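Here is a short report on selected contacts and rings. Have the sequence and coordinates at hand.

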Amino acid sequence: MSTHFFGLTDRTFAYSHSIGRNEFAGTGFRNPVDMAIGEDDIIYIANRSYENRPDGIRISVVSMDEEYISEFGSYGEGPGQFMWPTALALDSRGNVYLADEWLNRISIYTGDGEFVRSWGRAGSGNGELDRPSGLAIDGDTIFITDSRNHRVQKFSLDGSYIGQFGSFGSGKGELNMPWGIGLDKDGNVYVADWRNDRIQEFTADGEWRATFGQSGSAVGQFNRPNGVAVDAEGDIYVADWLNNRVQVLSPEGRFITELKGDHVLSQWGRDKLLSNPDMIRQRALALAANPTYEKELAHPCAVKVDSQGRVAILDHTRGRVQVYAKSAEPILV
């Protein structure tokens, strides 16, 4: 459990459970890069796998209770296939949108994994993409962090270009390889400004509102942040990738707390250990050498908040999701 007092309020986050294990198929994930949480707490997870193991590239569909539901997609350039997946988002009808930074396109599927269509083309002009890396949907508008064009672009859900904001640089409203993107309840846009080690807030029309953070490893500082989410109370969650933590900020950007991992072996993980005595011995030796190794986050790459206010953190290197429950009411000091 992690708690930090600031001013007159306290947010408390209690570790709930973990989902997943490292697997190339079925009940687990392999180098997951992003996730989206839909109705009934169904989670879609994009697995990037390895260059030499394209069989692990897929979208996994699981429940918050670690029920395996299905998987879909495969490696390739054909319709419905993908090569370097980066981001997922869901629209109001439950359709799944996937960004591919190699093919520079967005692929759309039904919630059951049936391919619908794709759109997008490579380039630097209006409506063109160069390594799309983050997706967020508000109504009939999709926001895309266009990483190597150092901007955010807006499209209709059918791929029609609407507008853009941001340009290369380190000043207010400027971006350097933006990655993750999130929206608050008022439609404001939060961008993980990856190479600038900060979070920037914009209106939906692209007007700069605020900048949070700077390079470093201290509280409120970031080292290549790559995911951002905002909960119903306006608290901001940042996947602080190379600092191996998620930082929680107040709506004004003040540091509240950090989550560094509290993993307890998931049911899928226990099932795998029970079927492999050699793995049990290897795990015991590893934990004897470093008792905290297994519980800690390793390159968290996405953070999302579900309909119940639970915070889900996607752990890239260790192929799992760690789930936290936030205290319902602030506590006066």
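Where does Asn188 lie? Asn188 sits in the loop between β15 (178–183) and β16 (189–193). Strands are DSSP runs (E, at least two residues), numbered from the N terminus.

## Basis

This is a predicted model: local features need pLDDT of at least 70, side-chain atom pairs count only at pLDDT 80 or more, and totals for chains, interfaces and linings use all residues. Residues are numbered from 1 along each chain as its sequence is written, and side-chain values use heavy atoms, with hydrogens and water left out.

## Asn188

Asn188 counts as buried, at 11% relative accessibility. Buried means under 20% relative accessible area, exposed over 50%, partly exposed in between (1.4 Å probe, protein chains only). Not counting residues up to four places away in sequence, Asn188 touches Gly182, Leu183, Glu201, Phe202, Thr203 and Arg209. Contact means heavy atoms within 4.5 Å.

## Nonpolar core

The largest nonpolar core has 15 residues; Tyr44, Ile59, Leu88, Leu98 and Tyr109 touch the most other members. Such a core is a set of buried Ala, Val, Leu, Ile, Met, Phe, Trp, Tyr and Cys residues joined through side-chain atoms within 4.5 Å. The largest share, three residues, comes from β4.

## Charges over a ring

Phe24 has two charged ends over its ring: Arg30 at 4.1 Å from the centre and Arg53 at 3.6 Å. The rule requires NZ of Lys or CZ of Arg within 6 Å of the ring centre and within 35 degrees of the ring normal.

Note on methods. Helices (H or I, at least four residues) and strands (E, at least two) are DSSP runs, numbered from the N terminus.
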